[in-house]
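Dear colleague,

Please find below the structure that I am handing over to you. My notes on it follow the display.

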Amino acid sequence: MHIRPFIAPLLLVLATLPGLGHAAGKCERLVATGNPEYPPYLWRDPQNPKLLVGANADLLKRVGDELGLKIDILYTGPWSRAQDEVRTGRVDLIAGAFLTLPRLETMDYIHPAFLDTPSVVWVKRGHGFPYTQWQDLLGHTGGTLVNNSFGQAFDAFARANLTLEEVPSLTQAYQKLVLERTEYVLYEHYPGLALADTLGMADDLEALEPPISSEGLYLTLSHNSACNDPWLRGQLAKKMTELTAAGVPQVLLQRNLERWKAQQLQPASAPKP
């Protein structure tokens, strides 16, 4: 008889506890995307081109499984379009992006970074030029992807000093390089090497040393995502901290490097409709 007055306050307290009151209202399904020309980190699934697979996709799925969330990693177009989809909130997450000020205006970065990836200067083999520092790129015409980033410091240097032609895909950038319409292409080392192999251009291209940058890859969550709330950001950060400390991203990277190589050796088969 005397317990009833305490029920409402008790429910109020329970609703404020982490993972209880909020759990019923949280999103149970998230949609992610990313750069589709990014093996072994991300690439289109040959059997289902609507999906992205790779180390980043495997990591994100594991995060989702451990949090009880379904996360679909979808192909939404070239890298520039993928970023637009996340900026607007039509897609919730980017499965791997460098930290830049413009992206910070529209996305929350989930710390820590889960992998570091070096970016390099790709040139046509036999047509390189002396290169040891950023300034050595001055006076040369380069290529890169639309809206791609190589870290805040290099991006600022490039805007102020370099002549860069932006194209939607790395395939186009490499083709222009081989045809000598540009003198170099800026892109990440592992994905650049993987795609050159796929295109049969591995013998035509080479990477100059040292890298122009080595940046951390982060999971990002759109400010405009209907699922973006403190509970989700906290849980994603906690899980990413646990997995990176355990070395899981590096294991997935090596596994997907082998997966990509094996995939290139298989005869082409018809994708699912």
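The model is predicted, so local features are reported at pLDDT of at least 70 and side-chain atom pairs at pLDDT 80 or more, while totals for chains, interfaces and linings use all residues. Residues are numbered from 1 along each chain as its sequence is written, and side-chain values use heavy atoms, with hydrogens and water left out.

The sheet

Helices (H or I, at least four residues) and strands (E, at least two) are DSSP runs numbered from the N terminus. Two strands are taken to pair if DSSP finds at least two bridges between them. Eight strands form an open sheet with mixed pairing, in the order 5-1-6-11-7-10-8-9. Strand 5 (70-73) and strand 9 (163-167) are its edge strands, each pairing on one side only. From one strand to the next, the twist averages 30°.

Strand 7 is antiparallel to strand 11, with 13 bridges, and also antiparallel to strand 10, with four bridges. Ser-119 has a bridge partner in each of these neighbours: Ser-213 in strand 11 and Glu-188 in strand 10. The pairing of strand 8 (residues 141-145) with strand 10 is parallel and comprises two bridges; here Gly-142 has Tyr-184 of strand 10 as its bridge partner.

Helix 7 on the sheet

Helix 7 packs on the sheet and touches strand 7, strand 10 and strand 11; its direction makes about 115° with that of strand 10. Axes are lines fitted to C-alpha atoms, for helices over the stretch in contact, and angles run from 0 to 180 degrees between N-to-C directions. Contact means heavy atoms within 4.5 Å.

Buried denotes under 20% relative accessible area, exposed over 50%, and partly exposed in between (1.4 Å probe, protein chains only). In helix 7 (residues 189-198), the buried residues include Pro-191, Gly-192, Ala-194, Leu-195 and Ala-196. Among the elements that cover the buried residues of helix 7 are strand 2 (37-38), helix 6 and helix 9 (248-265). Gly-200, which follows helix 7, has a positive phi, near 75°.

Aromatic rings

Rings of Phe, Tyr and Trp (its six-membered ring) pair if their centres lie within 6.5 Å; planes under 30 degrees apart count as stacked, over 60 as edge-to-face and the rest as tilted. This rule gives 10 aromatic pairs. One of them is edge-to-face because the rings of Tyr-109 and Tyr-218 have planes at 80°, with centres 5.5 Å apart. This pair links distant parts of the chain, 109 residues apart, with Tyr-109 in strand 7 (residues 107-124) and Tyr-218 in strand 11 (residues 205-222). Tyr-109 is buried at 9% relative accessibility, and Tyr-218 is buried at 13%.

Trp-122 and Tyr-174 also form an edge-to-face pair, since their planes lie at 70°, with the ring centres 6.1 Å apart. The two residues are 52 apart in the chain: Trp-122 belongs to strand 7 and Tyr-174 to helix 6 (residues 170-178). Trp-122 is buried, with a relative accessible area of 3%, and Tyr-174 is buried at 0%.

Ring pairs also join Trp-134, Phe-150, Phe-154 and Phe-157 into a cluster. A charge is said to sit over a ring if NZ of Lys or CZ of Arg is within 6 Å of the ring centre and within 35 degrees of the ring normal. The charged end of Arg-44 lies over the ring of Tyr-75 in this sense, 3.5 Å from its centre.

With kind regards
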